[in-house]
Amino acid sequence: MSLNVKGLNSNVKRRLALMECSSQRAEVVFLQETHFDASGTFKFASGLFPRAYTSSSDRKKAGVAILLSAQCPLQVVSQVSDPHGQYIILQATLHGNPVVLCNLYAPNSKQISFFTKVFTKVTRLLPAALIVGGDFNVSFSETLDRQSIAGKPPSPEQGRLSRLFRRLVRWFALYDLWRVNFPTAKTFTFYSHPHSTHARNDYFLGNIPTLRLMKDADIGSITWCGELLW
């Protein structure tokens, strides 16, 4: 399950986030835009999700976290955290089999350089079932994953960025797990008020071993934060 929570420094939002994740019976949760302060001592964990792995910046922006429920059988072996709070990587085992989890919150510029760096890091940890999820701040397809209320076509730069992103994902032999299940559907995870545009910018990407294990993927609805995918 993946959520862009747009800040969790409020006790109320933290409680709502945990309740939402628990109500969905999620065992592994990716959170983006936690806005935690890296210099603080705050730890985001509870009885429902006793294991919380975080990556935060020193400016209370960006920030990602991976929560594991009390029932989750994953055994974490190592953790790599970005000092700017843009990604976190966990190496783990599931019933003795290697698994790599990467949760990311991509910047609004130079996305391709960022993805290249992160994808290179995680693919070096293979062979393992790999899941890269989070808020990518880019649309995979400019036709299926973006829709302007005014009917405006994507800008040339948006189209170029989508093409480069697709090429990069294919180069690293990754697959859009939701799109595998819904090859022609139009469902969005984000709405930009300034541009009056719906977009699907949130993904779970996986490799072949992950595809073999996948049962389902869905995009849900939520009212208290911006983006939900699970």
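Two notes on method. Residues are numbered from 1 along each chain as its sequence is written, and side-chain values use heavy atoms, with hydrogens and water left out. Because the model is predicted, local features need pLDDT of at least 70 and side-chain atom pairs count only at pLDDT 80 or more, while totals for chains, interfaces and linings use all residues.

Some terms next. Helices (H or I, at least four residues) and strands (E, at least two) are DSSP runs, numbered from the N terminus. Buried means under 20% relative accessible area, exposed over 50%, and partly exposed in between, with a 1.4 Å probe and protein chains only. Contact means heavy atoms within 4.5 Å.

I start with helix 1, residues 11-23. Its 13 residues reach 18 Å from first C-alpha to last, close to the 18 Å expected at 1.5 Å a residue; the expected span is 1.5 Å times one less than the number of residues. Buried here are Arg14, Ala17, Leu18, Glu20 and Cys21. They cover an arc of only 160° around the axis, which puts them on the same side of helix 1. The arc is that of the directions from the helix axis to the C-beta atoms. Exposed Asn11 and Met19 sit on the face turned away from that buried side. The buried residues of helix 1 pack against strand 1 (2-4), strand 2 (28-32) and strand 4 (64-68). After the helix comes Arg25, with a positive phi near 55°.

Now helix 2. Which of its residues are buried? They are Gln111, Phe114, Phe115, Val118, Phe119 and Val122. Seen down the axis, they fall within an arc of 120°, so they line one face of helix 2. They pack against strand 6, strand 7, strand 8, helix 3 and strand 13.

That brings me to the largest nonpolar core, which has 25 residues. A nonpolar core is a set of buried Ala, Val, Leu, Ile, Met, Phe, Trp, Tyr and Cys residues joined through side-chain atoms within 4.5 Å. Those with the most contacts inside this core include Leu104, Phe115, Phe119 and Phe165. Helix 2 gives the most to the core, with 5 residues. Apart from this core lies another, of 16 residues, among them Tyr53, Cys72, Ile88 and Leu101.

The aromatic residues come next. The structure holds 13 aromatic pairs. Rings of Phe, Tyr and Trp (its six-membered ring) pair if their centres lie within 6.5 Å; planes under 30 degrees apart count as stacked, over 60 as edge-to-face and the rest as tilted. The rings of Phe115 and Phe119 have centres 5.9 Å apart and planes at 15°, so this pair is stacked. Phe115 and Phe119 are 4 residues apart in helix 2 (residues 111-123), about one helical turn. Phe115 has a relative accessible area of 0%, and Phe119 is likewise at 0%.

Is Arg166 buried or exposed? At 16% relative accessibility, Arg166 counts as buried. Its side chain makes a polar contact of 2.9 Å with that of Glu142. A polar contact is a pair of N or O atoms within 3.5 Å; within protein, one must be able to donate a hydrogen and the other to accept it, and residues adjacent in sequence count only if both atoms are side-chain atoms. Just after helix 3, Ala173 takes a positive phi of about 55°.
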